[in-house]
Amino acid sequence: MKRIISLITCMWLITTVAWSQAGSDISGRVTDSKDNSPLSGVTVTVKGKEIITQTDKNGAFKIQIPDGPQILVFTFIGYTELELPATSNMQVSLSSTEKTLNEVIVVGYGKAVKKDVTGSIAKVGSKDIQNVQAPSFESALQGKAAGVVIESGSGKLGQGIKVSIRGTSSISASSQPLYVIDGLPVITSSQSDPNNDPTNPLADINPNDIESVEILKDASAAAIYGARAANGVVLITTKKGRNNQKTTIEVNAFNSWSNPARKWKFLDAQQYVDLIELAAKSDGTYDYNNGISGYPDVNSAIADYKDFYESNILDYFSLGTDWKKAAVNTDWQNLLYNKDALTHQVDVSAYGGDEKTKFYVSGFYNKQDAIVINNRFYRYGGRLNLDHAASEKLSFGINLSVDCSQLNRVSNDNAFSTPGQLVAQLPISPLYDPTTGALNSNTLYSNSLFDAQFNSDIQVTFRTLGNAYLNYQFFPSLAFRSEIGADILNLEEDAFQGKETIDGGGVGKANVIISQSASLNTNNYFTYTPNLGDKNKLNAVAGMSYLQNDSKFASSFGENIPSDAIKNLSGTTLITFANSSGSRYTFLSYFLRGNYSFDNKYLVSASIRADASSRFGPNNRYGYFPAISAGWVLSQEKFLQNSKVINFLKLRASWGQTGNAEIGEGSYLALYGVSNYPNLPGYIPVSLSNPDLQWEKTKQTDIGLDFAILHNRITGELDYYKKMTTDLLLNVNVPFTTGYSSYLKNLGSMENEGYEITLNSTNLDGVFRWNTNFNIGFNKNKVLDIQGQVIEGGFGLTQRAIAGQPIGVFYGQQFLGVDPQTGDALYMGTDGKPTSDYGQAALMVLGKSNPDFTGGFTNTFSYKGIDLNVFFTFVSGNKIYNAAGVYMNGGFYNGFDNQTTEELNAWTGEGDVTNTPRVGYFYGSGYQNSSRFLYDGSYIRLKNVSLGYNLPKSLMDAWHINSARLYISGTNLWTSTKYPGDPEVNTETFGNIGGGQDFYTIPQAKTITVGLNVKF
């Protein structure tokens, strides 16, 4: 760090000396070419130098330049940049531009200019993704696009991430969007051990290879992907070279140090002992007052209970240490975390091209330690993107990436072996046995530090993802493009549980999982862009697509391992279970789209896609997904053309239908499973057939407004949408006398309705620049009809899909507080009155896990070579249930787990006013699942702060490099929330109904990163 500070100081001195050199003064005036009005605040820079000034209110400027010929660069927000030779008394005229509105964005099977788009598409550029310390690129999208909600399951590495676009549109099928990389739909579902947390195949992708991410939000934009687009579509475009560009070599390197963003507050040893004493007093008093055991007086009762607690808990688990003086005070929570967990990444890329060929090639290596012990993630890989024009008519190319990753995993949140449950251990329990000096095995629960030492779970993934294309231009107006691509993912997971661990069961166990998923995709389509004159423009696309996926899965489990020397299945002497499976699904699709504009004012777009899928019954194998949209560019009308305020204004509206086919394979068939009883082979009926099974259908209406005002200084988008999903794919309950419990069919409906606002502004432009980006998305979800079905989910507190309510509402008993006279927990009774009888408490809707609104707020500042980016994310209106609350706040009734400091407020006697019920192993209260452990999950978080310094050009010239940037950034540095844990966790990551549950879940990481970017 001292070297970095010295280097920056040196560079500032060099820059100051350069500025102090003698030269001549140049003056002039800058005006608007449209009406010759003066432009105030135009930045005037000597090209290649850090000599800058600005025009005054009359458009006048004066700048000192070095001796010799110089070029002046004139820049102003909303105007085209202009370079002119420096002369005396310069008269400069700038022309207005619509840079943002003329931005090219990727759409399905093509590209479009943003101002001509009639659908709702959000674009996130490479600068918002690269060099961001995030588990995968989706995490970097959080708060960057209105209506897009990113839910990270935990702070574990490689774990699945839930992405919702404009709400949840399904109950039983997947709610994840479709991901398309360079035209190829990719594998995104977890391929790893189904008994552990789902992992994220997208974590294999290097974020620094991504050029842009377009999120297709409305049906008009997404319907071209038909049966797989109901949850939105994410188009990922990787970086390319440029024609006639000198080869540039770019090196990115950074180191990061991570710690938990938030921790729970648990009792220390003295506080734990004091609470045990209170429990003894509380139990003894309750026993005596209610005449349960017949004690002669209350003191005798308390003394008896105190003896029980001390001999069975305090003496037993303190292992002979003096718990009365808190001789041992073990902070088990700290032991589950790595201090300053290190991440190191280096990636190198080269790109450029000549008249016919352009290329981008890259390689990266990433090594990351999680904040939780035993969790590591290693990744390395490379990419080659090559484009070649063989002639004026024929061009072809490839996009290819090869990646390898190794994920060292830990158990899921509901396993005693997971490090997260170490917090339940008693602070009076020593870490090491004072007699033997060995790791303490006499703890309240199995000591998962043994699992950390003797267990391993290593997942290795090899992935090849790429496609090749050929483009032939028959005529200037007609082109044909053919693409063929593959996504091949091979995964092997080897797990070992030593004899010393709870998972090893005293005998030692091992298992291996081998999973393979291979997708083959081809797209073939024509693009027609005839010349219809200056006012009429037409772009039409027609083609077909075919996708085939083959998956195989095999697993074997064994036990009885003589030694830990062989930590895999070959070391076992008894195979206890093995299975294998395979599946295939296919999609055959035809699509047509036309975009028409008249006089750059009136825009119309229409599309239709026909999809056939092997996943659905023969009676409904094909689905048809139409969409239509229109736009009116009001700013091109005469009544707004000369507006001094409004630079661009477009009203757009769209309607379309998309589908959801993500239900797995063979769901419409009558299936049988294999009986695994030894020496009794046979088959077991699994599911009933339904030849009428078909896709879920989502119809969406969107009305939007795009605008730019004040010389494009402020731009934005406003959207209203309504999504209606019908033919929900649900497992309908059937009588058990049929031999089945449920039957998959289409029934029911659901809606999502919401608003989105995106605003971008240039607040200051010149030597000091300040830009602001703000987005917010409101969504209201409602289950309309499920025909009386009871559909439940959740982990601790039950969650349900209920007609008339948002999906996944928390459903249970409402906690009302504590009776000051008895210390009993009070609940809302079935008669509407408070009751202390949990069995008489009414079941009711208590809240929802999905937020009312989410968003992000970014401010970017730059001054000469310094840049500062400050990014906040926020979520509001959701609930989080602490499913571990019945243990860590159960007042010892559910076990002697260490408690949070909230229990220090427990009721102590008659008349005590508190919201924490009576504690006690025998007669405690308030220990059941209820709204007592349900919290407001709203939060605002300082998601990222980045400070960078770009070395001056004079220094770069001396070092023979193009540019260099040093930066330091912080992630999750500050959070404001009412939830006592980390609000960005979810034990059940991918459930549509279950969500917002925290069961000893690992929090997000707070990270400091120092990095360097150099271009040669």
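Analyst: Happy to! Let's begin with Phe577, which is partly exposed because its relative accessibility of 37% falls between the 20% and 50% limits. Please keep in mind that this is a predicted model.

With ring centres 6.1 Å apart and planes at 50°, Phe557 and Phe577 make a tilted pair. Phe557 sits in strand S25 (residues 536-559) and Phe577 in strand S26 (residues 574-598), so the pair ties together parts that are 20 residues apart in sequence.

Another pair, Phe999 with Tyr1000, is edge-to-face, at 4.9 Å centre to centre and 80° between the planes. Here Phe999 is buried, with a relative accessible area of 7%, and Tyr1000 is buried at 9%. Rings also gather into a cluster, whose members include Tyr272, Tyr286, Phe308, Phe892 and Tyr923.

Some rings carry a charge over the face. The charged end of Arg481 lies over Tyr469, 4.1 Å from the ring centre, and Arg615 sits over the face of Tyr585 at 4.0 Å from the ring centre.

That brings us to the salt bridges, of which the structure holds 41. In one of them, the closest N and O atoms of Lys62 and Asp25 are 4.0 Å apart. Lys62 is in strand S4 (residues 60-66) and Asp25 in strand S1 (residues 23-32), so this bridge ties together parts that are 37 residues apart in sequence. Lys62 is exposed at 56% relative accessibility, while Asp25 is partly exposed at 48%.

Since Glu277 belongs to helix H4 (residues 269-289) and Lys306 to helix H5 (residues 298-318), the pair ties together parts that are 29 residues apart in sequence. Glu277 is partly exposed at 23%, and Lys306 is partly exposed at 34%.

Lys601 and Glu637 meet in a salt bridge of 3.6 Å, N to O. Lys601 lies in the loop between S26 and strand S27 (602-613), and Glu637 in the loop between strand S28 (622-633) and helix H8 (638-641), 36 residues apart. Both Lys601 and Glu637 are buried. Finally, salt bridges also join into a network whose members include Arg166, Lys217, Asp702 and Glu756.

Methods:
Residues numbered from 1 in each chain as written. Predicted model: local features only at pLDDT ≥ 70, side-chain atom pairs only at ≥ 80, totals over all residues. Heavy atoms only, no water. Phe/Tyr/Trp six-rings, centres within 6.5 Å; stacked < 30°, edge-to-face > 60°. Helix = DSSP H or I, 4+ residues; strand = E, 2+ residues; numbered from the N terminus. Buried < 20%, exposed > 50% of the residue type's maximum accessible area, 1.4 Å probe, protein only. Lys NZ or Arg CZ within 6 Å of the ring centre and 35° of its normal. Salt bridge = Lys/Arg side-chain N within 4 Å of Asp/Glu carboxyl O.
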